[in-house]
Amino acid sequence: MTHEKRTSRSAKLLYRPWGLAGSLLGGLIAGQVFQQVWKRVDPQATDDPPKPLQSEYRLRKILVAAMVQGAIFSAVRALIDRGGARAFERWTGEWPGD
């Protein structure tokens, strides 16, 4: 059973600033979450997670860091986007997506 929600053009335009603010906030939150998760994934790490151009790290460690970071950023973004859309719908009565 599908539940189809209609979206007006004005709802999409009004949602843009809200969505942009949510994305910025989500990026900050995801960055902090990733830092904490990485400290637990690699307890020997004293600095920030490895970056691709840092030659002192093995490729495997760089790829693990990139995958963990990508998964966290995607999950946080999905949570914030969905929560923002639901809040917008409660306030305006219109779904901002689709």
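This is a predicted model, and it holds two salt bridges.

**Exercise 1.** Work out whether the side chains of lysine 61 and aspartate 42 meet the cut-off for a salt bridge, and find where the two residues sit.

*Solution.* 
- Step 1: A salt bridge needs a side-chain nitrogen of Lys or Arg within 4 Å of a carboxyl oxygen of Asp or Glu.
- Step 2: Between lysine 61 and aspartate 42 the N to O distance is 2.6 Å, and the two side chains meet in a salt bridge.
- Step 3: Lysine 61 belongs to helix H2 (residues 59–92), while aspartate 42 lies in the loop between H1 and H2; the two are 19 residues apart, and the pair links distant parts of the chain.

**Exercise 2.** Sort lysine 61 and aspartate 42 by their relative accessible area.

*Solution.* 
- Step 1: Under 20% is buried, over 50% is exposed, and anything in between is partly exposed.
- Step 2: Lysine 61 has 29%, so this residue is partly exposed.
- Step 3: Aspartate 42 has 6%, so this one counts as buried.

**Exercise 3.** Describe the salt bridge between arginine 77 and aspartate 81.

*Solution.* 
- Step 1: The closest N and O atoms of arginine 77 and aspartate 81 are 3.3 Å apart.
- Step 2: Both residues lie in helix H2, four residues apart, or about one turn of the helix.
- Step 3: Arginine 77 is exposed, at 55% relative accessible area, whereas aspartate 81 is partly exposed, at 27%.

**Exercise 4.** Now for the rings: the structure holds three aromatic pairs. Classify the one formed by tyrosine 15 and phenylalanine 88.

*Solution.* 
- Step 1: The ring centres of tyrosine 15 and phenylalanine 88 are 5.3 Å apart, and the angle between the planes is 75°.
- Step 2: Planes over 60 degrees apart count as edge-to-face, so that is the label here.
- Step 3: Tyrosine 15 is in helix H1 and phenylalanine 88 in helix H2, 73 residues apart, which makes this a link between distant parts of the chain.
- Step 4: Tyrosine 15 is buried at 15%, and phenylalanine 88 is buried at 6%.

Definitions and conventions
Residues are numbered from 1 along each chain as its sequence is written. This is a predicted model: local features need pLDDT of at least 70, side-chain atom pairs count only at pLDDT 80 or more; totals for chains, interfaces and linings use all residues. Side-chain values use heavy atoms; hydrogens and water are left out. Buried means under 20% relative accessible area, exposed over 50%, partly exposed in between (1.4 Å probe, protein chains only). Rings of Phe, Tyr and Trp (its six-membered ring) pair if their centres lie within 6.5 Å; planes under 30 degrees apart count as stacked, over 60 as edge-to-face and the rest as tilted.
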